[in-house]
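This report walks through a few local features of one protein chain. Keep the sequence and the 3D view open while reading.

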Amino acid sequence: MTASEEVVFVGREAELRSIVEAARLARERRPGIVWIEGEAGIGKSSLVRHVLAHEVFDDFTVLRASCEESQVDFAYHVIDQLVSRVSGATRRRFSALTATVPSTLTPVQVGSQLLGLVGELQSEGPVVLVVDDAQWTDRTSLQALGFLLRRLEADSVLTLVLTRHPPDADSFVPVEQIAKLVRDRGGRHHLLPGLTRKETEQLACQTGSDTITPRLVDRLQDLTAGHPLYLQTLLNHMPLGNVTCPEGLDIPPSLTEAIGLQLASLPDDARRLVEACAVLDSRLPVATVARVADVRDGLSALEPLLREGLAGRTIAGPITSMEIRNALQREVILRLTPSPRRCALHTAAAEAVDEYSAWRHLVAASEGNENPRLAAALESAASNLVAEGDLGRAATLLQWACDLTADRDESERLLLNAAVRLHFNLQFTRYSALRSRVERCRPSPLRNLVMGWTAMFEGDLSGARELMMSALDAQPDDSAVGRLALVSTAALSHFTGSPRQAIDSAERLLAVPGLDPQSKHLACAASSGGAAFLHGPQAAVERLNEFGLPERVENTPPMDALPLAWRGLYRVLAGDLRTGITEARRSLALTRHSSVPSIDDVAHFSLALSLFLEGAWDEAAVHADQTSSIAFTQEKVWSYALAHTAGAVIASARGDWPRAEKRIQDLDDAVRIYGPDQYLVYTAIARGTLAQAQNDPAAMYECLRPLLDLDDLAGWPNLYRSWWLPLLCEALVATARYREAAVALDEVGSLDVPYLVLCEARFRGLLAERTGDTAEALRHYRDGIQANVPENVPVHRGLLEYSYGRLLSAEGRRSEAAEFLQRAKARFVALGAKPYLKNFEPLEASGALDASPSAGSMDTEYESMTLREREISRLIGRGLTNNEIASELFLSPKTVEYHLGNVYAKLQLSGRRRLRDLVNSREPSG
């Protein structure tokens, strides 16, 4: 019987309805994701091809990628496929997507440009993304796609993700991440079963057989369990009267036997062509496959393969390409190809593909036999990839080299170097597949280093330090292992807040000749971090200046974006908010479209903290959100605490208790799983701020007390002292711990942070009040209000004004009190600080304060806007375009356009200029 090139499709009615419904919702700006699972050959791709022919998809732009196991090490390989279908003119507007995506860009950089591209495409209609065999998505593409899908809000975008079920060990984590993404986004999940008996009968009839009987349908159903590929294979070739039940193997003998019969019936050239296609494992021009197969007329040899359903054909202009579309067919064909022939094909294939793929074929041609020459070439190629920053592929080449080396010492050296690259590239899942082999290696400094990283990521930080230090002590600093050990100990010491070890490792690393820029930046970060841990953030600023970081940000080259981000954070914590903001923004600008080393999560966290202090809470919330996006997209586990802390603080100050408590719960989990002991400072700050907003000083004290129990505050607690110490002072005064409060107040004064003058004055005033010295309390309040402090910390200033006004009112000086109380209330109204506004209710009830809305209070319509609408309005006030707003907020332009339409409707405004004027008239003055 003859099969057409087009695959016959039957059944799947429930899945078809679900996908069509999701497409209709996407058309209404309700983006969705549909995850389709099933074993190989079950019909996942056929289902998607069939549904895309439905009229609902007529005006959708389709971006499609098909993942390949052989390409899993290629950074952004899937993204490259998706955008390849977009016109060059459109792609040129997005620098990272114009050609092959550079592997050195971060997933957030690529994801944000992909977000812009998808937004642009929506001007022509809805968009559907299709990712087939997504269990083999490369890690960077998966992260960039996750970023994109999590940032879609009001977009006409549908995503169809297809994976094998059950996943094998190598693809378990990608599938697990896809499952989480689908859950988080409220997506749809379909696990495809075999066809029903009725559908099996329909398939048999549509295939063209005239010998279909109920008994034969029963036998086909029993034999194949309704597996479409099995059915197609049997119906296309095998004599239907001789169908027998299969034995239970990984690849059932029935399918193997059927494909074997197909191969045996082929002309010699056709068989040679399909064997070469199976070895190449990619869609390639027929001429290329024929050259590898040593077949003269590839197009003629292709025709029998099309009739038998063993290959697919794609025609694009003058080029005819071929591929084996079903992975299960390819596996069987490879299995049935004689070993000598398979080796010869792999050797020939190495001449027809790119350099990296050529290595794969040369390794396959060796079939596990010792090959020292090839192993040496692989190691050399891996060194080149390391120099380019492509650690994932370098690790793969080193693993292959290891497997081709018989000498145990040499083999273990290559294996351990591969493991180090995987650790440095944060590919923990890939490392886990090597772990048992690593543990069987003989003791050595390099093995200790690898096991040290393993211990670090499992939370055994003391064990990690012991192993890394033993590796460091056993090797000269300028040796390959010594340099890796210095990088490792510097990173670990910085992470754990161990100042002296961080400084020592950093200084030794900086003394190594020929140090690469990335290691130099890590050393600078560790050294300045050590200075901050010991002597405070200002010492870290000075240390970075000593390393030659320009004082003027406009003179900072792109390669210095990483240390500039750290200096921005240190300036903020030292109280120089404006300079810290400028440096954080400059660092982000330098890395926006470049591949230089960066820590954008730290820069966004700096902006979240500083803008919160300055009263720009909507903007601070944006940067807290962006810290989260970067940390979770790029699996930067050490930044989870930063993201949750910033989010919790802002939510607490706004009185959004559920959001604050959720952030704190997530923070607790992150600190417990990933953080060193010193990360309790983040939990203390977040919980202390929530207790402060809830006016619960006893809880504040309990939240902060763990910091007092530390033997040594050097480390992260010392770095964040300007943040948590004021909270502690307030708790100590309010809980009548006056002696401890006096000591803590002296510490606040010694920090030399300008805006803390306001806090110190308030706390000294509160302490004087509590001890009965009203005159002294009034003096402290008055001196604080009159102090020459920049007017850019409205919460601290508002609390001081409130305390002063409240005490004046209690002393009967109501006219004086009203001025300060009204000023304080106006600040909190402008901020939307609901918890702090509650403090004014008793004064309003007693008549000490006018209960009418304060000057600067926003009208009901403005307050009714969502946070996203306020964020967009604020950026309109700064004069940004929709595309610029989308880039700033990690949204698509279409989402910005949608929210902006809602803003105009709610505020009854007719244009952008009127909105800008309104926003600027309502900006808080401090």
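Two strands count as paired if DSSP finds at least two bridges between them. The model discussed here is predicted.

**Sheets**

Strands of a sheet pair through backbone hydrogen bonds, either parallel or antiparallel. The chain contains an open sheet of five strands, in the order β2-β3-β4-β1-β5, with parallel pairing. At its edges are β2 (61–66) and β5 (188–191), each of which pairs on one side only. Direction ignored, neighbouring strands of this sheet are turned by 15° against each other on average.

Within this sheet, β3 (residues 127–132) and β4 (residues 157–164) run parallel and are joined by five bridges. Valine 127 is the residue opposite valine 157 in β4. Helix α3 (residues 77–84) packs on the sheet, where it touches β2 and β3. The direction of α3 makes about 150° with that of β2.

An open sheet of three strands has the order β6-β8-β7, and its pairing is antiparallel. Here the edge strands are β6 (284–285) and β7 (312–316), and each pairs on one side only. Two bridges link β6 to β8 (residues 319–323) in the antiparallel sense. Proline 285 stands opposite serine 321 in β8.

**A helix pair**

Two packed helices are described by the angle between their axes and the distance between the axes. For helix α31 (residues 617–633) and helix α46 (residues 867–877), the angle is about 110° and the axes are 9 Å apart. Angles of 65 to 115 degrees count as roughly perpendicular, so α31 is roughly perpendicular to α46. On the α31 side the contact is made by Asp618, Glu619, Ala621, Val622 and Asp625. On the α46 side it is made by Leu867, Arg868, Arg870, Glu871 and Arg874. Which kinds of residue, nonpolar, polar or charged, make up the contact of α31 with α46? Seven are charged, three are nonpolar and none is polar.

**Aromatic rings**

Across the whole structure, a search finds 23 aromatic pairs. One aromatic cluster is formed by Phe495, Phe533, Phe605, Tyr679, Tyr682, Trp716, Tyr720 and Trp723.

The table lists two arginines whose charged end sits over a tyrosine ring.

| Arginine | Tyrosine ring | Distance of the charged end from the ring centre |
|---|---|---|
| arginine 393 | tyrosine 356 | 4.8 Å |
| arginine 737 | tyrosine 701 | 3.7 Å |

**Backbone exceptions**

Most residues other than glycine have a negative phi, and most peptide bonds are trans. Two places in this chain are worth checking against that rule.

Is the peptide bond from histidine 165 to proline 166 cis or trans? This bond is cis, with omega near -5°. Proline 166 lies in the loop between β4 and α7 (172–184).

Aspartate 752 has a positive phi of about 60°, although this residue is not a glycine. Aspartate 752 belongs to the loop between α38 (738–750) and α39 (756–770).

Notes:
Residues numbered from 1 in each chain as written. Predicted model: local features only at pLDDT ≥ 70, side-chain atom pairs only at ≥ 80, totals over all residues. Heavy atoms only, no water. Axes fitted to C-alpha atoms, helices over the stretch in contact; angles between N-to-C directions. Helix = DSSP H or I, 4+ residues; strand = E, 2+ residues; numbered from the N terminus. Parallel < 35°, antiparallel > 145°, perpendicular 65-115°, else oblique. Contact = heavy atoms within 4.5 Å. Nonpolar A, V, L, I, M, F, W, Y, C, P; charged D, E, K, R; others polar. Phe/Tyr/Trp six-rings, centres within 6.5 Å; stacked < 30°, edge-to-face > 60°. Lys NZ or Arg CZ within 6 Å of the ring centre and 35° of its normal.
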